[in-house]
Amino acid sequence: SIRTKNKTNNMKNLFVIFIILFPLWVNTLDIAILDDYGDISDAVYTDFGTGKYEVQPKFKIKNYQDGKEIKKYNEWTSVTTFMFGSDAGPNQEVLREMFDPPVIEDVSSDIPVVEPTFFGDAVAGYNFSVEYQYFEDQVTLRITYNCQKKGTALLSMNIRETKFFQSNPDIPDVSEFKIYWMKTCGTESLRAGFTIETELGDKDVVKHGWPQLKWEMRSGYWLEHPTLIDETKQLSYFDLYISDLSFGNQNFFEPIVQVFNPEIVEVSVRGHGAYGGVATTLPQDLVFLYICKANGISEIFVTIPLGDLYDDVFFGWTKKCVVDVQPQNNKPNNNPDSNTVYEDDGNNIILPPSNIAEAGGFLNVGLPPSKNNIVTANEVSKNWSNEKPEIIVPPDEHKTQFLVSSSEKGEKAKVYSPIISITPPGSLSASVIEKEPDSILLDFENPKSFTISYFCQRVSEATITITLHQPAGRTVEFSYIKQCSTITRYTPYYWTANRLLVLFIITFSILSCTGYYYYRKYVYKKKAPPSTVPITIL
């Protein structure tokens, strides 16, 4: 019929218009650079009309030359992280996309104000995936400035990017562009905003880069009441962070631990800040583990190098140790009728061996349903070793569950909550779900479980070390590799002029097609011939 034919034609018209518009918003891929410590807008985006890269005005050298506003980081910004991802691009299907290693220079003077070092997956360039979630790939370039003198540096980043399109699969489409920004270096000796807190009553350990009264280095020699960690404490927890957003961020290196009397106590550091990293307003844990070897006290000194022009952060405290006599095989003394008596500074300290026996069992650790395929009686399996871990947790696994128990039937074992350390620092974060308070008592028949949850911040591969410390003075550690990839951008969605243009085109096209359809329908009704059905008169 005429009506059916017109409907078919209208649908054909809609389909043709859809096919024409489809490439404008599908397969529109390119590289966007986002500064995750500054503006949420792109530093570089793609112009829809030309398909070429456009640098935001704040990152253009012309703004600097004309005395206009250019992106500038103050003396409190120690690290800047650029994220290379994908965004809207030209209306052609991208087969492959890659960029060469970015080239970064201090172009402000012959004697550089900064000597930047670079970390991250983008340092060596990157070849983007062509899988379904290609547009969500993000890799990072972390720039640590390393201020050398007071002043303001002008930095440039040169990027050379290559695409291969379906229309010309063998001919590379090469783009090259530069972005510019500034970094100010001050002369402050103390790092304002750098803060360390502890679980103890004295909340402030370090404030604005300087140790507070009871935590000063060598405090035991000249303070009447220095900070003392008594013999009941096997762990000390600290949080490291920047106190306010206005103080930016700060790169810090691996903490250095010095023990005045190493024959009395052995100290090691674990946690998210154990290998250095970037201090922000989000706390990072530093956990100090004690293994007492003899009776007595010892000063413990911690130094955290900051680099730049800032003084190192330092603090210290005193640790007291009281140990029990253990047999040579390191098994606990299970005689409940005898006590061990020590004399310390003229005071008798009595430790019932039943307490040691309760905490003295060895550990098994496994992946469910196994109880001991990772650790058996405190012996770590070779493929879970700290030196060369072989176990890999894939990107699509967001948490891992472990079982922990004592190693023998009828034996009890005590263990503190798991401690997580990650290297390289900043590659991802992890936490223990439903973390147990202080310590838990284990047996063989009923293993306890703990679950590690992962938060991937970028495309990365990191080594995760799990530390299980026992009150009996033993530490069990095992490691594995966690992979992260094709992550979703966590910055809020924002509208650029180009994105608004695409939205306008799509909306206008849909409204035009709809209006055209109803217009044709109206014209058809108006011009339709009168009915020719005969009328029968009775």
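**Entry 1**

I used the term for a side-chain nitrogen of Lys or Arg within 4 Å of a carboxyl oxygen of Asp or Glu. The model is predicted, so I note that local features need pLDDT of at least 70 and side-chain atom pairs count only at pLDDT 80 or more, while totals for chains, interfaces and linings use all residues. Residues are numbered from 1 along each chain as its sequence is written, and side-chain values use heavy atoms, with hydrogens and water left out.

**Entry 2: R270 and E477**

I next examined R270, whose side chain meets that of E477 in a salt bridge (2.3 Å, N to O). R270 lies in strand 20 (residues 265-270) and E477 in strand 38 (residues 474-484), so the pair ties together parts that are 207 residues apart in sequence. Strands (E, at least two residues) and helices (H or I, at least four) are DSSP runs, numbered from the N terminus. I found R270 buried, and E477 as well.

**Entry 3: E69 and K58**

I looked up a further salt bridge, between E69 and K58, where the closest N and O atoms are 3.8 Å apart. E69 sits in the loop between helix 2 (61-65) and strand 4 (72-73), and K58 in the loop between strand 3 (53-55) and helix 2; the two residues are 11 apart. E69 is exposed, with a relative accessible area of 56%, whereas K58 counts as partly exposed at 30%. I recorded 9 salt bridges in the structure. Side chains of opposite charge can pair when their charged atoms come close.

**Entry 4: Strand 17 and its partners**

I asked how many residues of strand 17 (residues 235-242) are buried. The count is 6 of its 8 residues, and the strand is mostly covered. Strand 13 (residues 194-198) pairs with strand 17 in the antiparallel sense over 5 bridges; I took strands as paired if DSSP finds at least two bridges between them. T198 stands opposite F238 in strand 17. Strand 22 (residues 284-292) also runs antiparallel to strand 17, joined to it by 6 bridges. In strand 22, L289 is the bridge partner of L235.

**Entry 5: A nonpolar patch**

I searched the surface and noted a nonpolar patch of about 330 Å² made by L501, F504 and F508. Patches are made of residues with over 30% relative accessible area and no salt bridge, with like charges joined within 9 Å and nonpolar side chains (Val, Leu, Ile, Met, Phe, Trp, Tyr) within 5 Å. L501 lies in helix 5 (residues 497-527) and is partly exposed, at a relative accessible area of 40%.

**Entry 6: The chain overall**

I recorded 5 helices and 38 strands in the protein chain. Of its 538 residues, 45% count as buried. The accessible surface comes to about 27,800 Å², of which 54% belongs to carbon and sulfur atoms; accessible areas come from the Shrake-Rupley method with a 1.4 Å probe, and for residues only the protein chains shown count as cover. Among contacts (heavy atoms within 4.5 Å) between residues at least 6 apart in sequence, 72% join residues at least 24 apart.

How values were computed: Buried < 20%, exposed > 50% of the residue type's maximum accessible area, 1.4 Å probe, protein only.
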